[in-house]
Structures are given as C-alpha cells and as structure tokens.
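I opened the model to look up a few contacts, cores and charged pairs. My notes follow.

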Amino acid sequence: MEYIDKEDSVFYVHDDNATGISKRSPDDSPGCIVVQNTSGEDCALLKIDTVLFKSGTSCDCAVLSVNALRLNEFKTNCETTHPETITERYEKAVSQLSETYVFVRDAVKAKGIDIKEVVDVSANVLMPPQYPKTNSTILRYKRLFLKRNRIELTFNKEIEI
C-alpha cells in the first residue's frame, strides 16, 4: 500500500511491466491512469495483483479514500490487433475486476457491512489506445458488469476519487 497525501490533487498510476505491480508514476506517460483527487482526502494506492493475490486472478490495483474505492485493471501492454485477442483482453479485464470486487464485497459483508453503503465503488479498465472502443462493445461490457455487480464500469484514462 502506498499513502497519497490529500495535497496531491492529481497523481498518476501505472502497472510496472517488469514487476507486474502497480505504482505511482512521476508523470502522465503512456499506460498511466490519471487520478483526480477531487475529494481532497488522503488516499491509498492498494497494490493488489501479485501482492495480495496470485498474478492474473485479480485487478491490478485500487485507489481508496474515506469515501471511494476505485478498482483498476491495466491492459496497456497488449500489442495485438487480432479481433479475438482483443475480445479476450476485454473479457479478462472485466473478469479480474469482477472477481476482485466480489471478494472485497463478500469479505466486508461477512463483517455485517454493505460496502456500497460505506463508500462509492466503481471499476475501471485502461486498454491500449490502438484498441477499438466501439460504443456497442463498451456498452455491452458496462451493462453486463452493472447487472452482475451493481457497480459502474468505465474504460477511461482518467478517474476521480
């Protein structure tokens, strides 16, 4: 976990290809998520994939504040443009986010707490810029994710906490 001071109104996160662990980036380089800390609260970058869970079974990281939880999955190191592989990447990302959310939701529920009553939860996928972002495909994944998990799924380079 990495502490992020409330004075950092904008910060950048990427998934380190060498280690497979998400971390802060000094700038908005390709493959980064831009986090807008509009809450003005202290935050934490939770490094999930390969740190808390076995590699590839969960989302890469989450940004957590007092009022929000933002689950994030990076698929930015994918270079193929084959349609079947692109579909597999989208489905894998959505699955990893869903699995992580369900784990967190159920763990908190076991303590008698509904996580969505405590914090605003959403999930985000960052895909390579060359990947097609057809509205029908994105809308289908968003709709299915919302139906399954009851939280919003986005495909943005920028998120708010």
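This is a predicted model: local features need pLDDT of at least 70, side-chain atom pairs count only at pLDDT 80 or more; totals for chains, interfaces and linings use all residues.

**Contacts of Val125**

Beyond its neighbours within four places in sequence, I find Val125 in contact with Glu73, Ala93, Leu97, Leu153, Thr154, Phe155 and Asn156. Val125 sits in strand β8. I list Val125 as buried because its relative accessibility is 1%.

**Leu153 and the cores**

I turned to Leu153 next. Leaving aside neighbours within four places in sequence, Leu153 is in contact with Val94, Leu97, Ala123, Asn124, Val125, Tyr141, Lys142 and Phe145. Which residues of the largest nonpolar core touch the most other members? I get Leu71, Tyr90, Leu97, Leu153 and Phe155, out of 25 residues in that core. Two or more residues of this core come from each of β7 (68-74), α1, β8 and α3. The largest share is that of α1, with six residues. Apart from this core lies another one, of 14 residues, and I noted Phe11, Ile33, Leu45 and Ile161 among them. As a general reminder, nonpolar side chains in soluble globular proteins tend to be buried together.

**Helix α3**

Helix α3 covers residues 135-149, which is 15 residues. From first to last C-alpha I read 21 Å, close to the 21 Å expected at 1.5 Å a residue. Ile138, Tyr141, Phe145 and Asn149 are its buried residues on my list. Why do they fall on the same side of α3? They span an arc of only 65° around the axis, so they share a side of α3. The general rule for an α-helix is 3.6 residues a turn, so residues three or four places apart point the same way. On the face of α3 turned away from the buried side I find Asn135, Ser136, Arg143 and Lys147, which are exposed. The cover over the buried residues of α3 includes α1 (83-109), α2 (115-118), β8 (120-126) and β9 (152-154). Arg150 follows α3 and has a positive phi, near 65°.

**Charged residues**

I count seven salt bridges. Asp8 and Arg24 form one of them, at 3.3 Å from N to O. This pair links distant parts of the chain, 16 residues apart: Asp8 is in the loop between β1 (2-4) and β2 (10-15), and Arg24 is in strand β3. Asp8 is partly exposed at 25% relative accessible area, and Arg24 is partly exposed at 26%.

Asp120 and Arg70 also meet in a salt bridge, at 2.8 Å from N to O. Here Asp120 in strand β8 and Arg70 in strand β7 are 50 residues apart. Asp120 is partly exposed at 45%, whereas Arg70 is buried at 11%.

I then checked Lys75, which forms a salt bridge with Glu73 at 3.2 Å between the closest N and O atoms. Lys75 is buried at 11% relative accessible area, and Glu73 is buried at 1%.

Not counting residues up to four places away in sequence, Asp60 touches residues including Asp15, Ser22, Asn72 and Glu73.

Key
Residues are numbered from 1 along each chain as its sequence is written. Side-chain values use heavy atoms; hydrogens and water are left out. Helices (H or I, at least four residues) and strands (E, at least two) are DSSP runs, numbered from the N terminus. The expected span of a helix is 1.5 Å times one less than its number of residues. Buried means under 20% relative accessible area, exposed over 50%, partly exposed in between (1.4 Å probe, protein chains only). The arc is that of the directions from the helix axis to the C-beta atoms. Contact means heavy atoms within 4.5 Å. A nonpolar core is a set of buried Ala, Val, Leu, Ile, Met, Phe, Trp, Tyr and Cys residues joined through side-chain atoms within 4.5 Å. A salt bridge is a side-chain nitrogen of Lys or Arg within 4 Å of a carboxyl oxygen of Asp or Glu.
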